[in-house]
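Hi,

Here's the structure I promised to pass along.

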Amino acid sequence: MAEKQARLHWAYYRPPAASYHRPGYGHDHRDCGGFGCCLLKLFFEIVLTLVFLLGLAALIFWLIFHPVNVVKFHVRDAELTQFSLTSNGSLLLYNLGLNLTIRNPNKKIGIYYDLIESRAIYEGQRFDTVYSSPFYQGHKNTTVLSPVFVGQQAVILGGTEANMYNSDKSAGVYNIDALPEGEVQVG
């Protein structure tokens, strides 16, 4: 007959204790390679976090305040009552009036113009400059400026420029550039 098996104690059948490390929980210094490596890793984590937060702040600032459209300058009307050279061709006599519109199409941004410098240029030579007084332009606003260029200016026209002046004079149409430049503050 078969022998009766002795009753075994529970301690013989207990499974071994689990000894594994779950990634992301706790910190094991054996993974890092030393204290200096851990400090370097911490430093890079802080720097990356700061770069991310600054980038996020810049994106939010840009989304709130970015100008949807740029400010546009247009010459709507021009009146040229005098534009002639003296007999020796060295002095330009002129009388030019402009209506200049400045359009701010932005819904969120108003602009303070500290100075607008309007330049009148013929054949690459500036013959007059007019300055406007400071003003504020509100949101989605159009402002009209009327600079007037009156006077005389010594100009040096070479052979090509003198020929262009003579052909413009015979046609009755002059190619005069009006360039507005200025100092602005966005607010």
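One cut-off before the notes: a residue is called exposed when its relative accessible area is over 50%, and buried when that value is under 20%. Bear in mind too that this is a predicted model.

With that in hand, take F52, which sits in helix α1, spanning residues 35-65. Its relative accessibility comes to 55%, so F52 counts as exposed.

N106 is in the loop that links β2 (91-104) to β3 (111-122). Its relative accessible area is 5%, so N106 is buried. The N106 side chain also makes a polar contact with the side chain of N104, at 3.0 Å.

As for the overall picture, the protein has 2 helices and 8 strands. Reading from the N terminus, the order is α-β-β-β-β-β-β-β-α-β. Of the 187 residues, 20% are buried. The protein exposes about 14100 Å², and 60% of that comes from carbon and sulfur atoms. If you look at contacts with a separation of 6 or more, 71% of them are between residues 24 or more positions apart.

That's what I have for now.

Cheers

How values were computed
Residues are numbered from 1 along each chain as its sequence is written. This is a predicted model: local features need pLDDT of at least 70, side-chain atom pairs count only at pLDDT 80 or more; totals for chains, interfaces and linings use all residues. Side-chain values use heavy atoms; hydrogens and water are left out. Helices (H or I, at least four residues) and strands (E, at least two) are DSSP runs, numbered from the N terminus. Buried means under 20% relative accessible area, exposed over 50%, partly exposed in between (1.4 Å probe, protein chains only). Contact means heavy atoms within 4.5 Å. Accessible areas come from the Shrake-Rupley method with a 1.4 Å probe; for residues, only the protein chains shown count as cover. A polar contact is a pair of N or O atoms within 3.5 Å; within protein, one must be able to donate a hydrogen and the other to accept it, and residues adjacent in sequence count only if both atoms are side-chain atoms.
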